[in-house]
Amino acid sequence: MDVIRHCSSFLLPSPSHAAGTDGRPTPAYALVVLNQRLPRFTPLLWEHAQVRMCADGGANRVYDEMPGLLPHEDAVAIRNRYKPEVIKGDMDSIRTEIMDFYRKLGTKIVDESHDQDTTDLHKCVSYIRDSTPELDKSNLCILVAGALGGRFDHEIGNINVLCRFSDMRIILISDDCLIQLLPRTHHHEIHILSSVEGPHCGLVPIGIPSKSTTTTGLQWDLADTEMKFGGLISTSNIAREETVTVRSDSDLLWTISIKKP
Ligand SMILES: Nc1ncnc2c1ncn2[C@@H]1O[C@H](COP(=O)(O)OP(=O)(O)OP(=O)(O)O)[C@@H](O)[C@H]1O
Ligand SMILES: Cc1ncc(C[n+]2csc(CCO)c2C)c(N)n1
């Protein structure tokens, strides 16, 4: 079975640091900003990304909160510089003046108010998959800012997007942690960047129980272990080694804490 290697180098500041540790190419990143308080490192994610989108009310957040994250720069200049390429959603949360502001700057607005069966994050991921020919999909990683904390129905809806697009690399990010899906179709090698993440982590079966999961590099490793809701799931685990490996017969969520500055 093929191995997928994971590394949170998008949390590191400079492109040279972010270029990977072993000569492998850095992924191409797309950023989706949701309607939640912006994580403090959103400007960094923005710089790493080749395409930046806002999900509906996420555009309010970029307009309102980006200047506060870059307090030494002029707010007007910040708002003009941090311009999403696309705003997509059912448009019931974005304020009219924000939509007008970004439209005038050239942002593409995609109104899908007719679709009340998929979330705005789902709509944005579909757009990135289907309407961004400039992005190299073989090496694409979608970073989602503001996906956690707040309303639980939104959080679980965001996690469901990981499952609905299980063949895409999508990472949900908050100030405190990140979450991604480890599909059962691959073995996984997770490079831990201990300067910015860990040690607290978790592995959780999603959808169906796992009959067998095996890991290395954790304080409480699993050895052909069963995991299920209502039984054992791995929370409050600790990443002990620079590389954590995971193999499982079912899709798992991997989560790791993000260090405070
Ligand atoms: N409190 C939250 N926690 C996590 N994600 C959120 C939260 N609020 C919004 N989001 C995410 O941001 C996206 C856009 O938010 P927005 O408020 O525009 O959604 P919405 O469609 O108006 O939701 P609703 O109608 O249920 O309030 C949502 O689809 C969701 O992915
Ligand atoms: C069974 C079921 N539950 C909830 C919704 C509502 N809903 C789900 S996604 C969405 C769009 C949010 O921007 C809305 C309103 C539905 N359609 N079907």
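The chain splits into two domains: domain 1 covers 26–175 and domain 2 covers 176–261. What you're looking at is a predicted model. The centres of the two domains sit 26 Å apart, going by C-alpha atoms.

**Where the domains meet**
- Domain 1 puts eleven residues into the contact, and domain 2 puts in eleven residues too.
- Sorted by class, the domain 1 side of the contact has eight nonpolar, two polar and one charged residues.

- Nonpolar side chains tend to be buried together in soluble globular proteins.
- Here, the largest nonpolar core holds 59 residues, and among those with the most contacts inside it are Leu31, Met53 and Leu143.
- This core lies between the domains, because both domain 1 and domain 2 give residues to it.
- Leaving out residues up to four places away in sequence, Met53 touches several residues, including Leu31, Val32, Pro84, Cys124 and Tyr127.

**The chain as a whole**
- For 261 residues, a compact globule would have a radius of gyration near 18 Å, and the chain agrees, because its own value is 18 Å.
- Along the principal axes, the C-alpha atoms fill a box of roughly 55 × 40 × 35 Å.
- Of the 261 residues, 37% count as buried.
- Take the contacts with a separation of 6 or more: 69% of them join residues 24 or more positions apart.

Technical notes
Residues numbered from 1 in each chain as written. Chains lettered and ligands numbered in written order. Predicted model: local features only at pLDDT ≥ 70, side-chain atom pairs only at ≥ 80, totals over all residues. Rg over C-alpha atoms; globule rule 2.2 N^0.38 Å. Buried ≥ 20, exposed ≤ 12 C-beta atoms within 10 Å, placed from the backbone. Contact = placed C-beta atoms within 7 Å. Core = buried A, V, L, I, M, F, W, Y, C linked by C-beta atoms within 7 Å. Domains from an automatic or database assignment. Nonpolar A, V, L, I, M, F, W, Y, C, P; charged D, E, K, R; others polar.
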